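Please keep the sequence and the model in view while reading.

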Amino acid sequence: MPSNAFIEAARAIVGPANLLTEAEDLQGFVNDWRDRYQGLACAVARPASTSEVMALMRLCAEHGVPVVPQGGNTGLCGAATPDASGTALVLWLGRLNRVREFNEVDGCIVVEAGAVLQRIQELAREHGYFFPMSLGAEGSCQIGGNISTNAGGTAVLRYGPMRDLVLGLEVVLADGTLCNWLTPLRKNTTGYDLKHLFIGAEGTLGIVTAASLKVFPAPRQRESAMVAFQEVESALTLLIGLRKQLGDRLLSCELINRAQVQTVLTHMQGPTWPMAAVPPWALIIEVTETLDSYSLREALEQLLGQALEDGVIEDAVLASSNAQQEAMWSVRHSVSEANKRAGYGVTHDTAVPLSGQAVFVRSVEKRLAEEFADGQMLVVGHIGDGNLHVIHMLDPAAYPGDALKQAAVRINRIVDEETLALGGAISAEHGIGQSNKARLVHSKGQTQIDLMRRVKAALDPEGRLNPGKVMD
Ligand SMILES: Cc1cc2nc3c(=O)[nH]c(=O)nc-3n(C[C@H](O)[C@H](O)[C@H](O)COP(=O)(O)OP(=O)(O)OC[C@H]3O[C@@H](n4cnc5c(N)ncnc54)[C@H](O)[C@@H]3O)c2cc1C
């Protein structure tokens with residue numbers, strides 16, 4: 001257990017108000033968003049500057065104290081929750097949240113790690129630009145957390161995941177060394193590009209303290225549509241047609257099945273469904289355009305009209321106001337909260353090539369129906385990116401004792417077998433954290449795991465950064 005001398009020295013670095021040690025003050029920092037993991041910590045430190053982070057990291061190195069970095073704590077894999085030993089310091093980055101620079105010429109914004117994602121979107125908008133990362137937790141997740149999980153969200157189809165939005169990083173290493181790589185350079189072929197090691201590392205290799213991020217011209221037109229289908233194949237046919245005709249104007253293409261829509265409508269107050277009936281499958285499509293001279297609405301209307309005529313789709317609704325657009329998206333963005341309220345979901349974050357999506361859904365559905373007929377399979381996700389979330393809902397009362405855990409392991413196995421058979425990966429955007437550690441070896445293979453261990457040993461030889469996450 002860390003000594004009093006450690007606690008006092010940490011308090012001196014961040015000030016008494018920002019070193020929390022009382023159990024009731026730690027409560028919000030030691031369990032995860034889904035309430036599936038409960039840990040303990042010796043304290044929570046809330047540094048307000050990079051130099052305070054460096055001083056804390058040096059102090060932790062001196063006293064051998066493990067460090068668990070934490071942003072908005074909205075992660076879905078238990079990656080920001082400390083273990084039960086009570087020895088770790090939780091490093092909450094939320095006070096390190098300044099915008100350091102907006103540089104129109106370089107097309108970038110430099111922000112500190114604790115800046116909330118929504119604030120960055122708003123800031124870009126105030127300058128007439130667009131920061132495309134968008135996800136359901138954007139009002140509370142932090143950019144440092146988005147970078148550390150290589151977050152995806154709803155605009156990956158056009159702009160890529162977090163990795164593609166980062167130009168430079170500022171990172172503090174386990175021993176307190178500062179790596180200032182906040183360059184806005186778009187081209188730089190000077191050996192290894194080390195910033196990529198920290199993107200998606202889930203806090204196991206260093207503390208992200210700031211980032212230079214790409215911003216894009218703000219779209220002047222935005223259209224959203226909801227489209228109904230009988231089969232996943234039809235969604236793919238439409239997606240390919242839209243991609244061909246609209247190119248980069250296609251921002252999002254989100255799939256949702258009937259059971260998932262009904263779960264949202266049952267457990268959430270706000271969202272409403274814009275069609276007369278809930279179809280077996282629906283797509284939410286968003287397109288944007290930066291020019292005024294191109295009629296985006298006309299193009300989308302024409303494409304959906306043709307798809308209706310060809311029998312590819314069964315129904316389509318085009319939002320006719322901002323309020324209608326927000327209403328369509330509120331169904332999608334309410335999914336995680338609704339599922340949390342609905343009961344126990346065995347969730348997956350699968351990446352499968354687009355060409356394999358329909359086979360994937362069908363084979364998983366068949367196997368889960370055979371072995372877990374009492375459950376309900378919800379499907380939602382970013383089909384345009386080849387990333388679907390299969391959530392098999394179980395009634396915990398039907399699985400007493402260890403049975404629920406065993407059922408979850410078996411369901412994971414079924415989904416993973418189908419994923420890997422199609423050349424996919426077990427996580428596309430949520431990461432590994434604690435939840436998916438045991439499954440990693442199937443997805444990565446031993447050679448990659450061995451190389452990852454060597455990288456970890458080089459950057460964190462004492463294994464003090466977010467211990468027990470990603471790999472043991
Ligand atoms: C309603 C809802 C919807 C969601 N939708 C999506 C979605 O569409 N796409 C998606 O990708 N995710 C989604 N998520 C998951 C989550 O929001 C993302 O993983 C997000 O990027 C986590 O950010 P955070 O600040 O909350 O990080 P946290 O949960 O606090 O931490 C996540 C990981 O990053 C590490 N970390 C945090 N900050 C730092 C730092 N500064 N330096 C080093 N390591 C750090 C932590 O140790 C941990 O390993 C959703 C979550 C919710 C609750």
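In this predicted model, helix α9 passes helix α11 in a right-handed crossing. Residues 232–246 form α9 and residues 296–309 form α11, and the two pack at an angle of about 145° with 11 Å between their axes. On the side of α9 the contact is made by Leu238, Gly241, Leu242, Gln245 and Leu246, while α11 contributes Ala299, Leu303 and Ala307. Sorted by class, the residues of this contact comprise 6 nonpolar and 2 polar ones, with no charged residue among them.

Elsewhere in the chain, an open sheet is built from 4 strands in the order β1-β2-β4-β3, and its pairing is mixed. Strands β1 (19–20) and β3 (67–70) each have a single partner strand and stand at the edges, so one side of each is left without a neighbour in the sheet. The partner of β1 is β2 (residues 43–45), which runs antiparallel to β1 and is joined to β1 by 2 bridges; Leu20 has Val44 of β2 as its bridge partner. Helix α1 (residues 4–14) packs on the sheet, where it touches β1, β2 and β4 (89–92), and its direction makes about 25° with that of β2.

The protein as a whole is divided into domains as follows.

| Domain | Residues |
|---|---|
| domain 1 | 4–94 |
| domain 2 | 99–217 |
| domain 3 | 221–335 |
| domain 4 | 343–452 |

The centres of domain 1 and domain 4, taken over C-alpha atoms, are separated by 31 Å, and 6 residues of domain 1 are in contact with 7 residues of domain 4. The side of domain 1 that touches domain 4 has 4 nonpolar and 2 polar residues, and no charged ones.

Conventions
Residues numbered from 1 in each chain as written. Predicted model: local features only at pLDDT ≥ 70, side-chain atom pairs only at ≥ 80, totals over all residues. Pairing = 2+ DSSP bridges. Contact = placed C-beta atoms within 7 Å. Axes fitted to C-alpha atoms, helices over the stretch in contact; angles between N-to-C directions. Domains from an automatic or database assignment. Nonpolar A, V, L, I, M, F, W, Y, C, P; charged D, E, K, R; others polar. Left-handed = near helix turned anticlockwise from the far one by under 90°.
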